[in-house]
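I set out to record, entry by entry, what I looked up in this two-chain model. The notes follow the order in which I consulted the structure.

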Amino acid sequence: MARWTDMVFVLVVVLDFFVLASSRLQAAIRAVAAQGALLALLPLILATGESDVTHVALLAVGALLVKGVAIPWMMAWATREAAIRREVEPIVGFVPSLVLGAAGVALAFAFASELPLPTGGKHMLLVPTSLSTVWTGLLLVVSRRKAVAQVLGFLILENGVFVFGVLLGDFMPVMVEAGVLLDLFAAVFVMGIVMFHINREFSSLDTGKLSALKD
Amino acid sequence: MLFPVALPLILAAIAFALPGQRQRPPVLLAGAALHSLGVLLFWLRPPAPQLDGWLALDAPGKLVLTVTSLLFLACAVYSQGYLERRIDRDNRVFVGGLLVLLSAMTVVALSQHLGLLWVAIEITTLSTAPLIYFNHNALSLEAAWKYLLVCSLGIALALLGTFFLALSSAGPGGPHSLLVSDLVAAGPMLSRPWVRAAFVFLLVGYGTKMGLAPLHSWKPDAYGEAPGILGAILSGGVTSLAFLALVRILHVSSAAGEGHFARESLVAMGLLSMALAAVFMVGQRDFKRMLAYSSVEHMGILALGIGLGGLAASGAFFHMVANGLTKGVLFLAAGNIHRAFGSKLTDQVKGAAVRLPISGPLFLAGFLAITGSPPFAPFFSELAILNGAFLGGHTVIGGLFLAFLAVIFVGMGTTVLGVVQGEPPDAEWNPGNGDSPLTAGPPLALMAAVLVLGLWVPRGLMALFDSAASLIGG
């Protein structure tokens, strides 16, 4: 069982790097969907005998539906509508992105070893995975020009936060977890609407065109 | 207690369903008026905590909720005139979004559970982003996108910080809870390194929402492009709620023994915000962007006040009230000037006092008030913070505070006087965009409130400032 858990964490980080290096939006969207689906497994495989079964099941199903199905579907729809085929158009190149991503993983491990978990630790890879995924998300948002790619960065960041949240599954109220997932869904929905308008206004989803406002 | 939360939601659903352009603004007014009535009842008869203590009204929450409700009511009256002038624009999303925002803001003010607080603050971002795009042009779209993306990122980091805080309470003997009262009661039992990490992430997250430098990048764009009414609600209401979130976090951090670190961070960010606002306000040609930098400055003053603690913290709560009301005056008056001149650039707008006999002078009076001239309320609240700084032995901080205020007074004054004084340009204008009771009355009423609070603060209100400040100590 422990080996499977390791596999999930490693795959989540591998997908981070895949998105960092990916020049094709469709592939990046599929990778984020796969990452979301993988995350849905986490509450299940990390559940202990004391965990509330319905709570764990609800969290897993909710995460799968929101992160693995609904949001990627919306993103794929947006790229189709905007007729974007390729080109993430990075401001920071792919290789420097990967180097920065790797530095983030190293820092995440350093941070995790500095701060031991007060709960006695569920899994040693959990905190580094979470933090390096958060870092990857931030990196993507600031280093990509296409609005869709920025939203993908936001999703990866949220995935990183979710990994950390699994640690607290035992006492996070269901209501709050549901609220978090719903908010994420609504955020991407609103972003989708704004992207639709950006595309109509500028005939492109290049946020480089959104640079008229400055001092 | 749930009445002011549920009612705006129901009205929002009605507003979304109504077919007619002219039918929706009265729904907004009804929501705002009933909400204020609900808040008034809270003052007369303090409500008991609900939902296992998740929602409760304490001193800081009561202050923020009252200011927000009053400001929203003034804006709702103003919107009756404003939306009538903008009848060409579909106002379904505008009215519905504002009502959802009102409900979410109420939840933030009442929430004692940090998870629920996070969810409600995220809803305030999502419900306001489409409203920034009300004018449906390229610039407002850019502003809406930046606002949405920057605030969502900030809020995501705040969620991570909330999880860190939850983890700090999960050790042996910890309360396993995210209720502020449980966390404060546990105090030293919390894991300190995780509390410190949590504070950093929460400060970045809610600091973004509040618009503290250097996390303010969305603010000038959003306030510059959004309708004045939204600028008023964002700068007086939503940012005050993010401030409330920081107060709650500081409360927990202090109890856990990380207060010193937290306070120093707040003071540093407060001073940085004031310095940055001073730099960008000098020579600012766009008067709505100027107001945005003024908001950065005043959020900085609030952070500084709670960072210094004691007398200054009590002053900060006073300042939160004074700033919220004055920002309402400024943004509503600026919106009127923008409409009457068709521009918000100082080279095209001159003689606002001639063309708009009420809004023009109000803009000037609002400027004098916000920069801390007596006898308006912000003068006394800033004086209280300054007193706290000097009596607490923070001479350098007090000196910097005064220096920044002086630079900002000069910088903002140049822009405001340029707008208000002189003769309006000869070009034709539509007198239908002049002052009317519905558009000039609400900022006038808010200005009167700012003046009254400067001349006389009711004893009960003063006690409330002190009891809010005593929560965070220092």
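**Entry: backbone exceptions in chain B**

I began with His136(B), which I located in the loop between helix H5 (114–132) and H6 of chain B. The model is a predicted one, and I read the geometry accordingly. His136(B) is not a glycine, yet I found a positive phi of about 50° for it. Is His136(B) buried or exposed? I counted 11 other C-beta atoms within 10 Å, so His136(B) is exposed.

I then looked up His176(B), placed in the loop between H6 and helix H7 (180–186) of chain B. Its phi is likewise positive, near 50°, in a residue other than glycine. His176(B) has 16 C-beta neighbours inside 10 Å and therefore counts as partly exposed. I noted these angles because most residues other than glycine have a negative phi, and most peptide bonds are trans.

For the peptide bonds, I recorded a cis bond joining Ala213(B) and Pro214(B), with omega about 0°. Pro214(B) sits in the loop between H8 and H9 of chain B. Another cis bond joins Pro374(B) and Pro375(B), with omega about 5°. I found Pro375(B) in the loop between H15 and H16 of chain B.

**Entry: His216(B)**

I stayed with the loop between helix H8 (192–210) and helix H9 (218–225) of chain B, which also holds His216(B). Why does His216(B) count as buried? The cut-off is 20 or more other C-beta atoms within 10 Å, and His216(B) has 24. Setting aside neighbours within four places in sequence, I found His216(B) in contact with Gly211(B) and Val296(B). I also checked Cys151(B): it is 65 residues from His216(B) in sequence, and their C-alpha atoms are 9.6 Å apart in space.

**Entry: chain B as a whole**

I counted 19 helices and 0 strands in chain B. Along the principal axes, its C-alpha trace spans about 75 × 55 × 40 Å. A compact globule of 474 residues would have a radius of gyration near 23 Å, and the 21 Å of chain B agrees with this. Of these 474 residues, 64% count as buried. Among contacts in chain B with a separation of 6 or more, 81% are between residues 24 or more positions apart.

**Entry: helix H18 of chain B**

I compared the length of helix H18 (residues 437–455) of chain B with expectation. At 1.5 Å a residue, its 19 residues should span 27 Å, and the end C-alpha atoms are 26 Å apart, which agrees. I then listed its buried residues, among them Pro442(B), Leu446(B), Val450(B) and Leu453(B). What covers the buried residues of H18(B)? The cover includes helix H3 (59–85), helix H13 (311–341), helix H15 (359–370) and helix H16 (377–391) of chain B.

**Entry: the nonpolar core**

I found that the largest nonpolar core has 258 residues. The residues with the most contacts inside this core are Leu152(A), Ile132(B), Leu241(B), Phe363(B) and Val450(B). Helix H6 (residues 138–168) of chain B supplies the largest share, 21 residues.

**Entry: chain A**

I counted 7 helices and 0 strands in chain A. Its radius of gyration is 18 Å, close to the 17 Å given by the globule rule for 215 residues, so chain A is as compact as a globular protein of that length. The C-alpha atoms fill a box of roughly 55 × 35 × 35 Å along the principal axes. Of the 215 residues, 43% count as buried.

Chain A averages a pLDDT of 86, and 95% of the residues score at least 70. Within chain A, confidence is highest in H5(A), at a mean of 93, and lowest in H7(A), at 84.

Definitions and conventions: Residues are numbered from 1 along each chain as its sequence is written. Chains are lettered from A and ligands numbered from 1 in the order in which they are written. This is a predicted model: local features need pLDDT of at least 70, side-chain atom pairs count only at pLDDT 80 or more; totals for chains, interfaces and linings use all residues. Helices (H or I, at least four residues) and strands (E, at least two) are DSSP runs, numbered from the N terminus. The expected span of a helix is 1.5 Å times one less than its number of residues. A residue is buried if 20 or more other C-beta atoms lie within 10 Å of its own, exposed if 12 or fewer, and partly exposed in between; C-beta atoms are placed from the backbone. Two residues are in contact if their C-beta atoms, placed from the backbone, lie within 7 Å. pLDDT is the predictor's confidence in each residue, from 0 to 100. The radius of gyration is taken over C-alpha atoms; the globule rule is 2.2 Å times the number of residues to the power 0.38. A nonpolar core is a set of buried Ala, Val, Leu, Ile, Met, Phe, Trp, Tyr and Cys residues joined through C-beta atoms within 7 Å.
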